[in-house]
Amino acid sequence: AKRKEAEGFSRDSVCMVLFSFFCGFRLTAEEGRCRYILTLTWLWSAITGPWAGLQVAAAQEEALFILPAVCTLILFFSSLLLVVSPDSRFLSRLWIILGLVWLASGWFTFLSQNFTDKSDIWMNICLTQTLAFAFTAALPVLITDLTLHSD
């Protein structure tokens, strides 16, 4: 055991090393927050970009998809902006607000339209968006926003 320690052998698993790198584990609170936001907004950019494209294409056929498509595009561009500046508390808070608007647009579309064969699909999309955004974005970013919790 001492030989492995002397050689610099780390007992951390690959998963722990990757988690530490992407989520800022073992960094100061502010560095970890910036690393987490950078990873998070990069992932949300990768997801919302193609999703916005699909919604824009669907909006060409059915006008009811225009509002969610525009809100998804706005969330995509705000995610890209936050990738560039993950340390900005103003941008991270604005991103959360825009994400809530995005969620509201999806639910508004679902609740206000008379779907025939797509209501179950759209409800699943809304539920997935809501849960994914709440647990991967809104809650972690707000919890780690140190200025909200300072004296």
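## Overall architecture

The model described here is a predicted one, and in it the protein has 7 helices and 0 strands, so that, because only runs of at least four residues count as helices, each helix named below is a run of that kind. Read along the sequence, the elements follow the pattern α-α-α-α-α-α-α.

Of the 151 residues in the protein, 33% are buried. Where contacts join residues at least 6 apart in sequence, 63% of them link residues at least 24 apart.

## The packing of α3 and α4

Two packed helices are described by the angle between their axes and the distance between the axes. Helix α3, which covers residues 29–61, packs with helix α4, residues 66–84, at an angle of about 155°, and their axes lie 8 Å apart. That angle makes α3 roughly antiparallel to α4, because angles over 145 degrees count as roughly antiparallel.

The residues that form the contact of α3 with α4 divide into 17 nonpolar and 7 polar, with no charged residues among them.

## Ser-78 in helix α4

Ser-78 lies in helix α4, and with a relative accessible area of 12% it is buried, because the cut-off for a buried residue is under 20%. The side chain of Ser-78 reaches the backbone oxygen of Leu-75 at 2.9 Å.

When neighbours within four places in sequence are left aside, Ser-78 is in contact with Trp-95 and Leu-98. Ser-78 and Ile-96 are separated by 18 residues in sequence, while their C-alpha atoms are 9.6 Å apart in space.

## Ser-92 in helix α5

Ser-92 belongs to helix α5, which spans residues 89–112, and Ser-92 is buried, its relative accessible area being 0%. From this position the side chain of Ser-92 reaches the backbone oxygen of Arg-89 at 2.9 Å.

Not counting residues up to four places away in sequence, Ser-92 touches Arg-33, Ile-37, Leu-82 and Val-141. With helix α3 covering residues 29–61 and helix α4 covering residues 66–84, the contacts of Ser-92 include Arg-33 and Ile-37 from α3 and Leu-82 from α4.

Definitions and conventions
Residues are numbered from 1 along each chain as its sequence is written. This is a predicted model: local features need pLDDT of at least 70, side-chain atom pairs count only at pLDDT 80 or more; totals for chains, interfaces and linings use all residues. Side-chain values use heavy atoms; hydrogens and water are left out. Helices (H or I, at least four residues) and strands (E, at least two) are DSSP runs, numbered from the N terminus. Buried means under 20% relative accessible area, exposed over 50%, partly exposed in between (1.4 Å probe, protein chains only). A polar contact is a pair of N or O atoms within 3.5 Å; within protein, one must be able to donate a hydrogen and the other to accept it, and residues adjacent in sequence count only if both atoms are side-chain atoms. Contact means heavy atoms within 4.5 Å. Axes are lines fitted to C-alpha atoms, for helices over the stretch in contact, and angles run from 0 to 180 degrees between N-to-C directions. Angles under 35 degrees count as roughly parallel, over 145 as roughly antiparallel, 65 to 115 as roughly perpendicular and the rest as oblique. Ala, Val, Leu, Ile, Met, Phe, Trp, Tyr, Cys and Pro count as nonpolar, Asp, Glu, Lys and Arg as charged, and the others, Gly among them, as polar.
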